[in-house]
Amino acid sequence: MSAGVDFAALGLEGLRVDHAAPFRMRRVAEGATVLTALDGRFAILDDDELRAFARGEVEEGSPLFEKLAGANLLADSFDVPAAAEMLRARRSFVGAGPNLHVFVVTLRCNTSCVYCHASRANMDAVHTDMTPEVAEKCVDFALSTTNPSVTIEFQGGEPLVAFDVMKHVIEYALERNANLGKELEFTLVSNLSLMDEEKLAYLIDRRVQICTSIDGPADVHDQMRKLPKAYGESGHALTLEWTRRINERYREMGLDETLYHVEALVTTTRALLPRWKELVDTYVDLGCRALFLRPLDPFGFADKTGDRIDYPREEYLEYYRRAVDYVIELNREGVEILERYAAIFLTKILRGEDPNFLDIRQPAGAGIGQLAYNYDGQIFTCDEGRMLHEMGDDSFRLGDVHTSSYRDVVGHPTVRAVVIAGQLAGLPDCNDCAYQLYCGVPPVHSHKTQGSIFGRMRESTLCQVHKGIQDYLFAKLAEGDAETRAILERWTTIRPREHFLHGA
Ligand code: SF4
Ligand code: SF4
């Protein structure tokens with residue numbers, strides 16, 4: 001309950017808590033301690049305030065009293081209905097059924113990324129293309145979800161290698177959905193190197209959202225994401241060129257460019273750590289409105305190449321803090337760009353809402369928010385579970401589209417187990433962590449890195465990242481600078497991209 005708070009240094013024996021509602025606490029900076037209530041509201045106290053609170057000397061009606069009561073931290077004024085409503089709002093996704101359906105339309109890829117999490121296959125591995133029959137069964141399965149919203153996300157391999165399969169999925173899903181009336185979206189995750197005008201025209205016409213990967217400056221990107229010369233001089237140049245072209249198309253269509261643009265993701269490798277400024281500048285120059293500073297995951301080829309490209313997570317956090325400090329500075333100068341990790345946590349911290357990012361929520365999305373369909377019709381709890389299958393571990397396999405029913409899959413014992421393991425209140429360390437209401441660790445990550453879906457957070461690299469980022473954000477809020485706060489609040493604005501919705 002008292003992580004990092006040195007009571008003796010504050011002249012205190014300990015806490016007198018009979019006046020306090022249940023809370024968790026953490027030191028986030030010199031002279032700043034965050035207290036979080038059971039419903040996720042919070043107050044940041046300076047040391048004098050903390051002393052007064054710890055001794056039970058909070059005068060009714062004082063500014064400190066108002067601050068604590070406003071965060072539901074005082075026993076006498078603890079508002080049970082408001083707390084219940086806030087908790088309900090934070091977990092509104094539970095019970096809706098899987099919304100994200102990842103389709104691996106092929107494992108083939110023309111690029112060889114050093115860290116490829118997907119375990120890509122060579123271009124001649126045509127047996128890893130999804131057949132039209134399997135594609136239709138996957139669509140039927142995805143549309144049988146209880147969730148009224150369905151996103152079909154094309155992954156690979158490189159989905160543009162199997163463009164005809166993608167097209168078949170889209171046409172068949174639109175046809176099937178004409179009677180079902182679900183809110184249907186399509187997302188393509190692509191390196192863009194095989195894009196051409198004809199494919200783009202189709203994707204624009206069918207309102208497919210497009211995401212890509214840009215690992216910062218050209219030399220790092222091309223070193224990590226190796227594209228054979230036959231496809232172009234530089235994968236980086238090709239990806240940037242198509243990103244600009246697609247954004248231009250959205251502008252020509254009169255779409256709001258702050259909302260409609262290619263979403264690009266970073267995979268942070270060791271080579272990128274000192275290049276945080278160039279990385280941010282690359283994204284700003286491209287007109288991107290969001291940057292997602294993701295650390296390396298332990299799946300796929302990254303498991304083998306880690307010696308060369310991985311790094312201690314303290315170094316990642318230093319890179320993260322520098323980059324986001326710079327992003328905040330740019331915002332002060334009028335550049336509108338946000339960091340996605342920060343936006344996810346801040347939406348929960350400042351708005352009390354959950355943006356439903358499946359890997360940072362509890363329970364995590366595996367099986368109840370997401371399903372992944374392999375090219376051969378096998379179904380997994382999530383794309384990471386499917387990645388483990390490619391590494392020879394079938395722990396997260398739920399069945400297949402040929403023989404399994406929707407009930408078999410979503411009620412599978414593995415889904416039940418990961419839901420239980422994803423409840424942070426049941427995990428040592430998370431149980432009394434001040435960030436419990438904002439956090440989430442996918443059980444598949446704990447399984448891969450620690451051999452158990454019930455993670456040992458003290459040794460978890462993902463916990464280290466999540467804790468470090470939230471420490472940074474609370475320290476920023478503790479500075480009390482109104483302009484910084486306004487920028488961070490702006491990052492929590494959720495604006496639906498209605499243009500991409502079908503059947504709404
Ligand atoms: S990460 Fe994507 S683009 Fe890179 S090799 Fe793997 S499948 Fe291909
Ligand atoms: S994963 Fe780490 S940071 Fe998140 S709630 Fe658990 S202990 Fe806290």
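**Questions about a predicted model**

Modeller: In this predicted model, 9 strands form an open sheet with mixed pairing, and their order is 13-11-9-8-7-5-15-16-17.

Biologist: What makes strand 13 and strand 17 the edge strands?

Modeller: Strand 13 (293-294) and strand 17 (397-400) each pair on one side only, and that is what places them at the edges.

Biologist: How do you know that strand 16 and strand 17 pair?

Modeller: Two strands count as paired if there are at least two bridges between them; strand 16 (residues 378-380) and strand 17 have 3 bridges, in the antiparallel sense, so by that cut-off they pair. Within this pairing, I379 stands opposite G399 in strand 17.

Biologist: Why is helix 9 called oblique to helix 11?

Modeller: The axes of helix 9 (residues 276-285) and helix 11 (residues 313-332) come within 9 Å and cross at roughly 40 degrees. Angles under 35 degrees would count as roughly parallel, and 65 to 115 as roughly perpendicular, so helix 9 is oblique to helix 11. The crossing is right-handed.

Biologist: Which residues of helix 9 and helix 11 meet there?

Modeller: From helix 9 come W276, K277, L279, V280 and V284, and they meet Y319, R322, A323, Y326, V327 and L330 in helix 11; the residues of this contact divide into 9 nonpolar, no polar and 2 charged.

Methods: Residues are numbered from 1 along each chain as its sequence is written. Chains are lettered from A and ligands numbered from 1 in the order in which they are written. This is a predicted model: local features need pLDDT of at least 70, side-chain atom pairs count only at pLDDT 80 or more; totals for chains, interfaces and linings use all residues. Helices (H or I, at least four residues) and strands (E, at least two) are DSSP runs, numbered from the N terminus. Axes are lines fitted to C-alpha atoms, for helices over the stretch in contact, and angles run from 0 to 180 degrees between N-to-C directions. Angles under 35 degrees count as roughly parallel, over 145 as roughly antiparallel, 65 to 115 as roughly perpendicular and the rest as oblique. A crossing is left-handed if the near helix is turned anticlockwise from the far one by less than a right angle, and right-handed if clockwise. Two residues are in contact if their C-beta atoms, placed from the backbone, lie within 7 Å. Ala, Val, Leu, Ile, Met, Phe, Trp, Tyr, Cys and Pro count as nonpolar, Asp, Glu, Lys and Arg as charged, and the others, Gly among them, as polar.
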